[in-house]
Amino acid sequence: LFFILFLSSLLNSFLCLLYILFAFLSIVFFNFIQYNIDMKKLVVKDKSLCQACLTCELACSEAFYKKDGFSCISIGVNKKGALDVKACNQCGVCAKKCPEEAISKNAKGIYTIDKKKCTGCLTCVESCPKGIIVKSEDKPSPSKCIACGICVKSCPQEILEIVEVAD
């Protein structure tokens, strides 16, 4: 009888330790997932190397609209007269301003527009700090950069890259 009680006590202790270990690993795993999710971002490595060839703009526009003038990247001149490359850094301002909550961050940290929720009010277009959310008359909703890399692959100066950074 003593031996059975001893084994029972030992088994309970073992199960208790397993439970504690499981709880600890769950917390560690949750924190790892929560704080170490990588986000994809389009980054301009060196604006000074841009030759304003507009290849990135054309590639983006052709890929998503099949015509010029609707790119989610913009090459222009800033207020100081210097060449400026505007690329989405996934800041999320558009998502915060959208009255329909049609813009949300996906698992890779990319803000995407849910075409089913979007009413075409263009609040996101107006609120984008870089002015690079575009709307074509023949499409019901605007488009924004999804860090697809088409512009990166097309840039002959290789000044663009998609990077993964901790969220």
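Good morning. A helix, in what follows, is a DSSP run of H or I of at least four residues, and a strand is an E run of at least two; both are numbered from the N terminus. The structure before you is a predicted model.

I begin with the chain as a whole. Its secondary structure comes to five helices and six strands. Reading from the N terminus, the order of elements is α-β-α-β-β-α-β-β-α-α-β. The chain has 167 residues, and buried residues make up 29% of them. Its accessible surface comes to about 11,000 Å², with 62% of that area belonging to carbon and sulfur atoms. As for the contacts, consider those between residues at least 6 apart in sequence: of these, 62% join residues at least 24 apart.

I turn now to helix H2, which spans residues 55–65. Which residues of H2 are buried? They are Cys56, Glu57, Cys60, Ser61 and Tyr65. These residues lie on the same side of H2, because they cover an arc of only 125 degrees around the axis. What do the buried residues of H2 pack against? Their partners are strand S2, at 73–77, helix H5, at 150–154, and strand S6, at 160–166. After H2 comes Lys66, which has a positive phi, near 65 degrees.

The search of the whole structure returns three cavities of 30 Å³ or more. The largest cavity has a volume of about 110 Å³, and 14 residues line it. Which of these lie nearest its centre? They are Cys60, Cys72, Cys145, Cys148 and Cys151.

At least two lining residues come from H2, and at least two from strand S5, at 111–113.

How many disulfides does the count give? The count comes to zero. The cut-off for a pair of cysteine sulfur atoms is 2.5 Å. For Cys88, the closest cysteine sulfur is that of Cys145, and at 5.0 Å it is too far away for a bond. Cys148 is likewise in no disulfide, with the nearest cysteine sulfur, in Cys151, 6.3 Å away. Are these residues buried or exposed? Cys88 counts as buried because its relative accessibility is 11%, whereas Cys148, with a relative accessible area of 37%, is partly exposed.

Where is Cys91 placed? It sits in the loop between strand S3, at 83–87, and helix H3, at 93–97. Its relative accessible area is 38%, so Cys91 is partly exposed. Apart from neighbours within four places in sequence, Cys91 is in contact with Lys96, Tyr111 and Pro129. Cys91 and Tyr111 are 20 residues apart in sequence, and their C-alpha atoms are 8.5 Å apart in space. Tyr111 belongs to the range of strand S5, 111–113.

Thank you for your attention.

Note on methods: Residues are numbered from 1 along each chain as its sequence is written. This is a predicted model: local features need pLDDT of at least 70, side-chain atom pairs count only at pLDDT 80 or more; totals for chains, interfaces and linings use all residues. Side-chain values use heavy atoms; hydrogens and water are left out. Buried means under 20% relative accessible area, exposed over 50%, partly exposed in between (1.4 Å probe, protein chains only). Contact means heavy atoms within 4.5 Å. Accessible areas come from the Shrake-Rupley method with a 1.4 Å probe; for residues, only the protein chains shown count as cover. The arc is that of the directions from the helix axis to the C-beta atoms. On a 1 Å grid over the protein atoms alone, a cavity is a set of points where a 1.4 Å probe fits but cannot get out, and a pocket is an open set with protein on both sides within 12 Å along at least five of seven lines; lining residues have an atom within 4 Å of a point. Grid points are joined across faces, edges and corners, and a volume is the space filled by probe spheres set on the points.
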